[in-house]
Amino acid sequence: MNTRRAIATTCASARLFALSILFGGSSAIVFAAITFVKTARAQGMTVAEAARYNAPTFIAYSKIALVLAAVLALAELTEYFLSQVRPTVSQAIRYGAELACIAATLVFGVVIVPAMDKLLPELTRSALAYDAFHKLHHWSEVYFGCMILFALISLVAPAFKKE
C-alpha cells in the first residue's frame, strides 16, 4: 500500500467519523434536549430552569463539535490537495455541504454558545437575561439544524456520483 493511498483512506475515515457524529450526535442531542425539557415542564419546572439544567450538555457538545469540524476541515483539505483529479458534481456538493456544516459549527460553538453560557447564571433571576438567552437559543436552533442538515447532505452526496 502506498503512502498516498494510506493518507487518502485515513482522510476518508476521518471525514466519515466527523460527519457521522456531527449528524448523528447532534440529532441525538436535540432529541434528548426536547425530551428533557418536556419532562421537566411536566414536573413543574419553568422553561428557564429546564434550560439552565440542559445547557451544560450543549456547552460540552459544542466543544466536541468544534473539534470534529477541525478534523473534517483537515481531512478534506488533505484529501483535496492529494487528489490529482477534478472534483465531480457530487464531490462539489459534498465539499459545499461540508463547508456550510463547518461554518454553522463555528458560529454555534464560537459565537452563540459562549454568549449563552455567559447568560446562564442570570437566566432564572433576570427577565432581560432570559430574553437575550431566548433570542440566542432561537439562533442556536438554526445553526444547530444547519450542522445536522449539511452533515447529512455531505454523507449522502457521494451516493449520487456517476460511475
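Helices in these legends are DSSP runs of at least four residues, numbered from the N terminus. The structure shown is a predicted model.

**Figure 1. Asparagine 54 in helix H2.** Asparagine 54 belongs to helix H2, which covers residues 47–82. Its relative accessibility is 14%, so asparagine 54 counts as buried. Leaving aside residues up to four places away in sequence, asparagine 54 is in contact with Ala33, Phe36 and Val37.

**Figure 2. Serine 90 in helix H3.** Serine 90 is part of helix H3, which comprises residues 89–119. With a relative accessible area of 9%, serine 90 is buried. Apart from residues up to four places away in sequence, serine 90 touches Ala157, Pro158, Phe160 and Lys161.

**Figure 3. The crossing of helices H1 and H4.** Two packed helices are described by the angle between their axes and the distance between the axes. For helix H1 (residues 3–42) and helix H4 (residues 127–156), the axes come within 9 Å and cross at roughly 140 degrees. H1 is therefore oblique to H4. The crossing of H1 past H4 is left-handed. On the H1 side, the contact involves Arg15, Leu16, Leu19, Ser20, Leu22, Phe23, Ser26, Ser27, Ile29 and Val30. On the H4 side, these residues meet Phe144, Met147, Ile148, Ala151, Leu152, Ser154 and Leu155. Sorted by class, the contact of H1 with H4 holds 12 nonpolar, 4 polar and 1 charged residues.

**Figure 4. The salt bridge between glutamate 98 and arginine 15.** In the whole structure, 6 salt bridges are found. In the one formed by glutamate 98 and arginine 15, the closest N and O atoms are 3.5 Å apart. Glutamate 98 lies in helix H3 and arginine 15 in helix H1, so the pair ties together parts that are 83 residues apart in sequence. Glutamate 98 and arginine 15 are both buried.

**Figure 5. The salt bridge between arginine 125 and glutamate 122.** Here the closest N and O atoms are 3.0 Å apart. Arginine 125 counts as exposed because its relative accessibility is 61%. Glutamate 122, at 36% relative accessibility, counts as partly exposed.

Note on methods. Residues numbered from 1 in each chain as written. Predicted model: local features only at pLDDT ≥ 70, side-chain atom pairs only at ≥ 80, totals over all residues. Heavy atoms only, no water. Axes fitted to C-alpha atoms, helices over the stretch in contact; angles between N-to-C directions. Helix = DSSP H or I, 4+ residues; strand = E, 2+ residues; numbered from the N terminus. Parallel < 35°, antiparallel > 145°, perpendicular 65-115°, else oblique. Left-handed = near helix turned anticlockwise from the far one by under 90°. Contact = heavy atoms within 4.5 Å. Nonpolar A, V, L, I, M, F, W, Y, C, P; charged D, E, K, R; others polar. Buried < 20%, exposed > 50% of the residue type's maximum accessible area, 1.4 Å probe, protein only. Salt bridge = Lys/Arg side-chain N within 4 Å of Asp/Glu carboxyl O.
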